[in-house]
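Keep the view open while reading.

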Amino acid sequence: MNRVLAANFLRLRKDKCFWATLLFMAAMGVVFPIGRYVAMKEEGYTNTLETAFFVCVIFIGFLAAILCGLFIGTEYSDGTIRNKIIAGQTRFGIYAAILVCCCMAVLIMYAAFFIPCLCVGIPLLGFFDVAMKTVLLYTLDALLLGMAFASIFTLIAMLCHSKTVSSVSCLLLIVLFLAAGTYMAQRLDAPPVQTVYSYTADESSSPVAMEVENPRYLKGTERKVYEFLFDFLPGGQVLQCASMESENPQRLAFYSGIIVIAVSAAGVFFFRKKDIR
């Protein structure tokens, strides 16, 4: 497995798509703190470093989807995976080596964002305004979330021979995750009551405001299900990490860890049964 892993990292180092993702993340690491600083000066309110530090989780899913789809798809199109099996490498070792490589690529993407963001953001916005423990917790959440994305996209790409199909499938899945997360956030944020206005026959009189029960407000078991899915699914985690508004950041890290383990185990299981052409 060590030789396969070394070969994967060597190919990753030469991969143009990988370097493009790093350049993009580094550029965003510079743009966001500058944007927060300009907005602070123009609009007169205070922006802190944490408002720009975790927005990278919004991009990481898309970049991981593109990189994993193309990187692993090339393994199939070039016949590399079939040659590794013929050379005596185990399927577990092949899958694990690719998974580790993709996870490391995602972690390097984070570093490409965090380092410029700190270098530019601290002089412009100052240091973090929240406790360092909170920053470290959300950093752990972001890193594990990125690894969860890499695990999911590795599974998809390893089970699909077509580079195009796997890349498109990964991109559609991240869009679906974010759409689901946004929908759940809207439902959970719905207030228990809403204000409606009624008018009398006298047009000169002011409308009468009344508070009525909001039919979109979630309660009971339904609310608990939404809260669990919002914390567990990657789309909900992206929104909570980017805004640093999770009620329990430790739980997000735990759920991401579960996703990494469960999806990786499923990927190894199905890859062992896959017919490699």
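At what angle do helix H10 and H11 pack, and how far apart are their axes? This is a predicted model. In it, H10 (residues 234-243) packs against H11 at about 145°, and the axes lie 11 Å apart. The crossing of H10 past H11 is left-handed. From H10, the contact draws on Pro-234, Gln-237, Gln-240 and Cys-241. From H11, it draws on Leu-252, Tyr-255, Ser-256 and Ile-259. By class, the residues of this contact are 5 nonpolar and 3 polar, with no charged ones.

Stay with H10. How many of its residues are buried? The count is 8 of 10, so H10 is mostly covered. The buried residues are Pro-234, Gly-235, Gly-236, Gln-237, Val-238, Gln-240, Cys-241 and Ala-242. Their cover includes H4, H7, H8 (163-189), H9 (220-232) and H11. After H10 comes Met-244, with a positive phi near 55°.

Two packed helices are described by the angle between their axes and the distance between the axes. The axes of H7 (residues 132-158) and H11 (residues 249-273) come within 8 Å and cross at roughly 20°. H7 is therefore roughly parallel to H11, since angles under 35 degrees count as such. H7 passes H11 in a left-handed crossing. The contact of H7 with H11 has 18 nonpolar, 5 polar and 1 charged residues. On the H7 side, the residues include Leu-137, Tyr-138, Leu-140, Asp-141, Leu-144 and Leu-145. Further residues of H7 in this contact include Met-147, Ala-148, Ser-151, Ile-152, Leu-155 and Met-158. On the H11 side, they include Pro-249, Gln-250, Leu-252, Ala-253, Ser-256 and Ile-259. Val-260, Val-263, Ser-264, Ala-266, Gly-267 and Phe-271 of H11 also take part.

Next, a loop residue. Where is Phe-54 found? Phe-54 sits in the loop between helix H3 (50-53) and helix H4 (56-77). Is Phe-54 buried or exposed? Its relative accessibility is 0%, so Phe-54 counts as buried. Leaving aside residues up to four places away in sequence, Phe-54 touches Val-135, Tyr-138, Thr-139 and Ala-142, among others. Cys-241, Ala-242 and Met-244 are also among its contacts. Cys-241 belongs to the H10 side of the contact with H11, and Tyr-138 to the H7 side of the contact with H11.

Go now to helix H1 (residues 2-13), where Asn-8 has its place. Why does Asn-8 count as buried? Its relative accessible area is 1%, and buried means under 20%. Which residues does Asn-8 touch, not counting those up to four places away in sequence? They are Phe-71, Glu-75, Lys-84, Ala-97, Ile-98 and Cys-101.

Finally, step back to the whole chain. Its secondary structure comes to 11 helices and 2 strands. Along the sequence, the pattern reads α-α-α-α-α-α-α-α-β-β-α-α-α. The C-alpha atoms fill a box of roughly 85 × 45 × 35 Å along the principal axes. Of the 277 residues, 46% count as buried. Among contacts with a separation of 6 or more, 78% come from residues 24 or more positions apart. The chain exposes about 14100 Å², and carbon and sulfur atoms supply 65% of that area.

Conventions: Residues are numbered from 1 along each chain as its sequence is written. This is a predicted model: local features need pLDDT of at least 70, side-chain atom pairs count only at pLDDT 80 or more; totals for chains, interfaces and linings use all residues. Side-chain values use heavy atoms; hydrogens and water are left out. Helices (H or I, at least four residues) and strands (E, at least two) are DSSP runs, numbered from the N terminus. Buried means under 20% relative accessible area, exposed over 50%, partly exposed in between (1.4 Å probe, protein chains only). Contact means heavy atoms within 4.5 Å. Axes are lines fitted to C-alpha atoms, for helices over the stretch in contact, and angles run from 0 to 180 degrees between N-to-C directions. Angles under 35 degrees count as roughly parallel, over 145 as roughly antiparallel, 65 to 115 as roughly perpendicular and the rest as oblique. A crossing is left-handed if the near helix is turned anticlockwise from the far one by less than a right angle, and right-handed if clockwise. Ala, Val, Leu, Ile, Met, Phe, Trp, Tyr, Cys and Pro count as nonpolar, Asp, Glu, Lys and Arg as charged, and the others, Gly among them, as polar. Accessible areas come from the Shrake-Rupley method with a 1.4 Å probe; for residues, only the protein chains shown count as cover.
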